[in-house]
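Hello,

Here is the structure I promised to pass on. My notes follow below it.

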Amino acid sequence: MVKQEENGKERRSFLLGHGSTRLGFILAVTGSAVGLGNIWKFPYIAGQNGGGAFVLVYLACVALIALPVLMSEILIGRRGRRSPVATMALLGEEEGSSRRWQWVAIVAVFAGILILSYYSVVAGWTLAYVPKALSGIFRDASAQDAVLIFKALTDDWQSVAVAHTVFMAATIALIARGYERFVEKAVSFVVPALLLLLILLAVRGMSSSGFAEGISYLFKPDFSMLTWRSVLHALGQAFFSLSLGIGAVMAYGAYLSNQTSITKTASAVVVADTAIAVLAAIVIFPAVFTNGLNPADGPGLVFVALPLAFHEMAGGVFFATSFFVLLSFAALTSALGLLEPGVAWVVEHSGRTRSQAAMLVGGVIWATGFATIFSFNELAGFRLFGGTLFENIDYLTSNILLPLGGFFITVFAAWVMCRNSTADELGGAGNIYRLWRFFSRWVVPVGILVICAGASGVIA
Ligand code: TRP
């Protein structure tokens, strides 16, 4: 009895937006999902992994693995109605297992910190591109110039540090002050606007000389290019793009009203996120081939190819500038979902205020960001496991921690939680429920294990 009262109290005090609406939730999760992962990361990872076959595997990972994980995160979050760490501890106990499940969420907090440390640096590049686009330097830039402009920026660590600091400061300020209304407003403008700009660019790209080559690179699968490593990259990218594996969506799920259909909501988010990623690639690759760039060029790909796609367009300077402004905002709404779990955890465990917790966790992330900043200049020659510090942090988080987090979250939802609880959250034990349960019990865990084993060389 006492325990229940305590629970009740905790539930209320943690709920910021009491039973938020379906639209509010979709906007928050879409805001978290749509960001640099779609527009910056997906095209360059696809390019590094050979295009077509990778894209197919990516789509399969999204539909068969990421979608069930997304549903699990939402249902766990809504059932627990707390921060991810407290939710996993509470449900672990309630479902007759152990509070130790909270460790899944604690490790996830650190994964979020690591991801945001480089995410914020790339968001800083995006911010720095706003004045560049505005100045018109891309208007007559050759492909060579575009490459040099990007290199000059990443070489100049002081400028990147300033931009990274501005971006982190904005993220911390929003987290400290509460951001519900900001996110709803920002996302409902930014996502449709980005979508429109991408469609505009895609249509223009159709008449470019590299269009056919770009599209066939992207959609014509060449399975000889596919390795287990690429499959793991596809899986990691699916988790990254949908903000899965660190309880970010679980944190939002805590605010979702009980009347909302998790299946429909999750599907809507998956469709929107995937459409934007694929559209971004449809814009980038024709520009890559038109300008004789190398699709496997890595993290600079979008920053070089995109400005060139605005070439000779009426109002090109205006559109290019708007694009980088919108992308900065999209990155900001994603960054909130990365910082939130850590801040919620510190607030619950140390009695600090939200502002103090945001400064503390945000400060650690800001400092960690310098590892990424220096990976492109002072420490570019420094190699660990054959990669720069940035590549190591990215690999560790996207390809190891996120799939692992997703694995345990799904196992928890499908094997530990009892049928009644999960069926209750997913709207009864109908066909959709059975499908979710089958996928979550078998396809997701086995799929993740097989892909990880394959990539680490266990399977020949
Ligand atoms: N999904 C975001 C993007 O595509 C990045 C992101 C936000 C994220 N929150 C996350 C990635 C949580 C992993 C986990 O840009």
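Helices here are DSSP runs of H or I with at least four residues, numbered from the N terminus. One of them is helix α11 (residues 228–241), where W228 lies. This is a predicted model: local features need pLDDT of at least 70, side-chain atom pairs count only at pLDDT 80 or more, and totals for chains, interfaces and linings use all residues. Residues are numbered from 1 along each chain as its sequence is written, and side-chain values use heavy atoms, without hydrogens and water.

W228 is partly exposed because its relative accessibility is 31% (buried means under 20%, exposed over 50%, partly exposed in between; 1.4 Å probe, protein chains only).

Now the ligand. A side-chain N or O atom of Y119 sits 2.5 Å from a ligand oxygen. For A33, a backbone N or O atom is 2.9 Å from a ligand oxygen.

Next, the aromatic rings. The whole structure holds 29 aromatic pairs (Phe, Tyr or Trp rings, the six-membered one for Trp, with centres within 6.5 Å; planes under 30 degrees apart are stacked, over 60 edge-to-face, the rest tilted). F150 and F303 are stacked, at 5.6 Å centre to centre and 15° between the planes. They are 153 residues apart: F150 is in helix α7 (residues 143–155), F303 in helix α14 (residues 301–309). F303 is buried, at 1% relative accessibility. F150 is buried too, at 9%.

Best wishes

Methods
Helix = DSSP H or I, 4+ residues; strand = E, 2+ residues; numbered from the N terminus. Polar contact = N/O pair within 3.5 Å; in protein donor to acceptor, adjacent residues only side chain to side chain.
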